[in-house]
Amino acid sequence: MGDAERPEAARPEQDEVTREMPEHEQESQLREQMSGCKRMTQQHQKQLVNLEKKLKAEMDEHRLRLEKDLETQRNNFAAKMKKLIKKHQAAIKKEYL
């Protein structure tokens, strides 16, 4: 009987395959974990970009509202100043006439 015909001759190859299977499974699991991590990173990046856009829109809206309020306050102040100036001028005229 030749080496190829004996079952013992195939045994070293089977042992090597048996040894490599856990390594292959571990590598496969690690690749799967890395793929999952990459996918999560991409999702988080998209969420971050969307959140930044949302917050920028809110900031712009808030800034416009504040600018409008400031303009309103300036106009009110200017109107009150005109009234006070007229009142003051009237009081000065009364005093000197």
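Is D60 buried, exposed or partly exposed, and what is its relative accessible area? D60 is partly exposed, at 29% relative accessible area. The legends below place this residue in a predicted model.

**View 1**
The model is predicted. Its protein chain has 97 residues, and buried residues make up 1% of them. The accessible surface of the chain comes to about 9900 Å². Carbon and sulfur atoms account for 56% of that surface.

**View 2. K56 and D60 meet in a salt bridge.**
The side chains of K56 and D60 pair at 3.0 Å, N to O. A search of the whole structure finds three salt bridges, and K56 with D60 forms a salt bridge. Both residues lie in helix α1. They sit four residues apart, about one turn of the helix. K56 counts as exposed because its relative accessibility is 52%, and exposed means over 50%. D60 has a relative accessible area of 29%, so it is partly exposed.

**View 3. D60 also meets R63.**
The side chains of D60 and R63 form a salt bridge at 3.1 Å, N to O. Helix α1 holds both residues. Their spacing is three residues, about one turn of the helix. R63 has 42% relative accessibility and therefore counts as partly exposed.

**View 4. R65 and E61 form a salt bridge.**
The side chains of R65 and E61 meet at 3.7 Å, N to O. R65 and E61 both belong to helix α1. Four residues separate their positions, about one turn of the helix. R65 counts as partly exposed because its relative accessibility is 42%. Elsewhere, salt bridges that share partners join K56, D60 and R63 into one network.

**View 5. F77, M81, L84 and I85 make a nonpolar surface patch.**
The patch covers about 400 Å². F77 counts as exposed because its relative accessibility is 55%, and the cut-off for exposed is over 50%. M81, L84 and I85 complete the patch with F77.

How values were computed. Residues numbered from 1 in each chain as written. Predicted model: local features only at pLDDT ≥ 70, side-chain atom pairs only at ≥ 80, totals over all residues. Heavy atoms only, no water. Patch = residues over 30% accessible without salt bridge, like charges linked within 9 Å, V, L, I, M, F, W, Y side chains within 5 Å. Areas by Shrake-Rupley, 256 points an atom, 1.4 Å probe, with all protein chains shown as cover. Salt bridge = Lys/Arg side-chain N within 4 Å of Asp/Glu carboxyl O. Buried < 20%, exposed > 50% of the residue type's maximum accessible area, 1.4 Å probe, protein only. Helix = DSSP H or I, 4+ residues; strand = E, 2+ residues; numbered from the N terminus.
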